[in-house]
Amino acid sequence: MAERLELLISERRIRIRTAALARRIEDDYRGKKLSLVVVLKGAVVFAADLMRHIAIPFTIDFIAAASYGEPARASGRVALSGLDGLAIGGRHVLVVEDILDTGRTVTAVVDALQRRRPASLRLSALLRKPTAAALNLSAGYVGFEIPPDFVVGWGLDYAERYRNLRGVYRLILAGDD
């Protein structure tokens with residue numbers, strides 16, 4: 001299948017925005033017990049950039065969320081792993097996601113984390129699509145609002161490819177343009 005990439009957000013813009021989000025996080029969580037919970041695999045690049053800019057103390061944990069189905073479409077089924085032993089009770093939890101899209105993954109993550117009784121729970125995501133914006137999710141820190149296109153790069157993939165791209169790109173498959 002023929003594919004092509006179209007740049008949506010440059011590396012420079014991502015770096016500037018990530019630093020600004022980190023400053024807001026520092027201001028909001030100064031003096032609090034902050035725990036970052038990073039959703040693998042896609043959020044790892046954004047999370048690493050964000051962590052380098054956060055100067056206040058925090059702990060970090062990783063969980064994995066997998067959707068199964070067609071590579072370029074969400075299936076509706078979410079499997080979570082890495083929750084065993086996650087000690088976030090009484091802590092201020094910031095979930096770090098790559099993209100807020102249909103809301104299925106983040107809803108499953110939030111529901112699972114809420115059962116561990118954190119002091120607070122908020123979301124941070126590099127990207128948010130219009131469908132997620134309409135869901136009324138408490139995303140306190142969003143890098144960029146994007147159109148409802150399939151995107152790759154900066155940790156996001158298509159069939160495990162393109163995670164390493166230095167920017168966010170619209171993936172155009174043959175027949176999509």
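Mentor: L40, V44, I60 and F62 make a nonpolar surface patch of about 280 Å². A patch is built from residues with over 30% relative accessible area and no salt bridge, where like charges are joined within 9 Å and nonpolar side chains (Val, Leu, Ile, Met, Phe, Trp, Tyr) within 5 Å. Accessible areas come from the Shrake-Rupley method with a 1.4 Å probe, and for residues only the protein chains shown count as cover. The model is predicted: local features need pLDDT of at least 70, side-chain atom pairs count only at pLDDT 80 or more, and totals for chains, interfaces and linings use all residues. Residues are numbered from 1 along each chain as its sequence is written, and side-chain values use heavy atoms, with hydrogens and water left out.

L40 lies in strand 2, which covers residues 34-40. (Helices, H or I with at least four residues, and strands, E with at least two, are DSSP runs numbered from the N terminus.) L40 counts as partly exposed because its relative accessibility is 30%; buried is under 20%, exposed is over 50%, and partly exposed is in between, with a 1.4 Å probe and protein chains only.

Now the setting of the patch. The protein has four helices and nine strands. Read from the N terminus, the elements run β-α-β-α-β-β-β-α-β-α-β-β-β. Along the principal axes, the C-alpha atoms fill a box of roughly 50 × 35 × 25 Å. The protein exposes about 9,000 Å², and 50% of that comes from carbon and sulfur atoms. Of its 177 residues, 44% count as buried.

E97 is one of the buried residues, since its relative accessible area is 5%. E97 sits in strand 5, residues 92-100. Apart from neighbours within four places in sequence, E97 is in contact (heavy atoms within 4.5 Å) with V39, A43, F46, T105, V106, S124, A125 and L126. A119 is 22 residues from E97 in sequence, and the two C-alpha atoms are 20 Å apart in space. For the whole protein, take the contacts between residues at least 6 apart in sequence: 67% of them join residues at least 24 apart.

Next, the charged side chains. A salt bridge is a side-chain nitrogen of Lys or Arg within 4 Å of a carboxyl oxygen of Asp or Glu, and by this rule the count is 15. R30 takes part in two that can be set side by side. With E26, the N to O distance is 4.0 Å; with D27, the N to O distance is 3.5 Å.

Another salt bridge pairs R128 with E145, whose closest N and O atoms are 2.4 Å apart. R128 belongs to strand 6 (residues 120-128) and E145 to strand 7 (residues 139-145), so this pair ties together parts that are 17 residues apart in sequence. R128 is buried, at 17% relative accessibility, while E145 is partly exposed, at 48%. Elsewhere, salt bridges with shared partners join E11, R15, D49, R52 and R166 into one network.

Last, the aromatic rings. Rings of Phe, Tyr and Trp (its six-membered ring) pair if their centres lie within 6.5 Å; planes under 30 degrees apart count as stacked, over 60 as edge-to-face and the rest as tilted. The structure holds two such pairs. The centres of the Y29 and Y141 rings are 6.5 Å apart and the planes are at 45 degrees, so this pair is tilted. Y29 is in helix 1 (residues 11-29) and Y141 is in strand 7, and the pair links parts of the chain 112 residues apart. Y29 is buried, with a relative accessible area of 3%, and Y141 is buried too, with 0%. In the other pair, the F150 and Y158 rings have centres 5.9 Å apart and planes at 80 degrees, so this one is edge-to-face. F150 is partly exposed at 24%, but Y158 is buried at 10%.

Back to the part you asked for: the patch consists of L40, V44, I60 and F62, and L40 is its member from strand 2 described above.
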